Amino acid sequence: MKYIPSPDRYTTKSVGYNYCGKSGLKLPKISLGLWHNFGDISDQDEARKMLHTAFDNGITHFDLANNYGTPFGSAETNFGKFLKSDFASYRDELIISTKAGYFMWDGPYGNWGSRKYLIASLHQSLKRMGLDYVDIFYSHRYDPNTPLEETMGALSDMVKQGKALYAGISRYPSEKAREAFRILNANGTPCLIHQDKYNLFSRDVEQSIFPLVEEQGIGLIAFSPLAQGLLTDKYLEGIPKNSRAAQKTGFLLKNQITPQIIEKVKKLNDFAKKRKQSLAQMALAWCLRDSRVNSVIIGASSVEQLKDNINALENLDFTDEELWLIGEIAGSN
Ligand SMILES: NC(=O)c1ccc[n+]([C@@H]2O[C@H](COP(=O)([O-])OP(=O)(O)OC[C@H]3O[C@@H](n4cnc5c(N)ncnc54)[C@H](OP(=O)(O)O)[C@@H]3O)[C@@H](O)[C@H]2O)c1
């Protein structure tokens, strides 16, 4: 059936937008990531419906990487099919990102941060998605064995050639991120955004990356804001069959779901109920409480989860006392 986006996606239904750092680009407060649940092993009808639901609610940013999906690359290929069938007329309303930095193909040129790998990989990603350009091209991780000038030079050249509109970096240690920002500036292709893990259980970046991006006017986007599903009510009664932790291909490991973690999750779940929110909603609102977090990239395995998460935006306010108590329960103050 032909997909017609909601006419209310930028008004009554919109998730709303934040500027990405000091740039002129706005990102939706909630972005959708295609790491899991969009590959060939996933339910394609549900994947398609999730993309529709996202866009219907003003989610304009879709985050990918070369190796997303099982098998690697299949999330981009499937996304490309949906782009062609459903979103072809809306390309200019979308921010599509991809990355290279982790293992993608055999041999010496399919991993890390060389110019050879990054440029070959972006060409492959464009082909898989059927695009002329992506909006953001990221170096997915810092490579200690490649000069930063080489990795950043590859990003800059992709921007200069119009194959990416903006350059970004992900998971860089702060001192290397600072250096990367300097090189990208010198190349005339400033870094748009830093992408890093941030959630109630994982707050290291508050000390390292947050002050740096603020000082430099770079955007910040948080990935795994639900700790891959731990910060939801999903694992309260064990590990459900259909969960990421139960899947062989999932990145959430069963041994990460310890009794100690579940004890905390139970208390956080009770706390969220008092705020009349689901735990997922409270966890997302908590990330967005800091104005340096321009957007959270969520994952979802169903339309129902996606809708639950979008509703987080109905209550983003916390008192100082609430924030302190939540941090105490999570053990992350
Ligand atoms: N730059 C990087 O290195 C990097 C690394 C990781 C992720 N990312 C990006 O960040 C995106 C999000 O990462 P993530 O998938 O780990 O994010 P997440 O939002 O922390 O976890 C998503 C998972 O949580 C569960 N979930 C989501 N909403 C729920 C709800 N309302 N109720 C119950 N369970 C819910 C689902 O798991 P089930 O499948 O079990 O239902 C879902 O797949 C990725 O797709 C990717 O784009 C980037």
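Which residues of α8 are buried? They are L279, A280, Q281, M282, A283, L284, A285, W286 and C287, where buried means that 20 or more other C-beta atoms lie within 10 Å of a residue's own, with C-beta atoms placed from the backbone. The views below start with the whole chain and come back to that helix at the end.

Two notes apply to every view. This is a predicted model, with local features needing pLDDT of at least 70, side-chain atom pairs counting only at pLDDT 80 or more, and totals for chains, interfaces and linings using all residues. Residues are numbered from 1 along each chain as its sequence is written.

**View 1. The whole chain, with its ten helices and ten strands.** Helices (H or I, at least four residues) and strands (E, at least two) are DSSP runs, numbered from the N terminus. The radius of gyration is 19 Å, close to the 20 Å from the globule rule for 333 residues, so the chain is as compact as a globular protein of that length. That radius is taken over C-alpha atoms, and the rule is 2.2 Å times the number of residues to the power 0.38. The C-alpha trace spans about 50 × 50 × 40 Å along its principal axes. Buried residues make up 46% of the 333. Among contacts with a separation of 6 or more, 76% come from residues 24 or more positions apart; a contact here means C-beta atoms, placed from the backbone, within 7 Å.

**View 2. Strand β6 (residues 134-139) and its link to β5.** Six of the six β6 residues are buried, so the strand is largely enclosed by the rest of the structure. Strand β5 (residues 95-100) pairs with β6 in the parallel sense over four bridges, pairing being called when DSSP finds at least two bridges between two strands. Look for T98, whose bridge partner in β6 is F137. Together with helix α3 (residues 115-129), β5 and β6 make a right-handed β-α-β unit. Right-handed means that, with the strands pointing away from the viewer, the path from the first strand over the helix to the second runs clockwise.

**View 3. From β6 across to strand β7 (residues 164-170).** Five bridges join β6 and β7, again in the parallel sense. S139 has I169 as its bridge partner in β7. Between the two strands the chain passes through helix α4 (residues 148-160), and this β-α-β crossover is right-handed. β7 is mostly covered too, with six of its seven residues buried.

**View 4. On from β7 to strand β8 (residues 191-197).** β7 and β8 run parallel, joined by four bridges. S170 finds its bridge partner in β8 at Q195. Helix α5 (residues 174-186) carries the chain from β7 to β8 in a right-handed β-α-β crossover.

**View 5. The shell around the ligand.** There are 30 residues here, the closest being G33, W35, F223, G229 and G299; a residue belongs if its C-beta atom, placed from the backbone, lies within 6 Å of the molecule. The elements giving two or more residues are β10 (295-298) and α9 (303-310). α9 gives the most, with three.

**View 6. Back to helix α8 (residues 279-288).** This helix is mostly covered, with nine of its ten residues buried. Those buried residues pack against β9 (219-223), α7 (259-274), β10, α9 and α10 (320-330).

Notes:
Buried ≥ 20, exposed ≤ 12 C-beta atoms within 10 Å, placed from the backbone. Contact = placed C-beta atoms within 7 Å.
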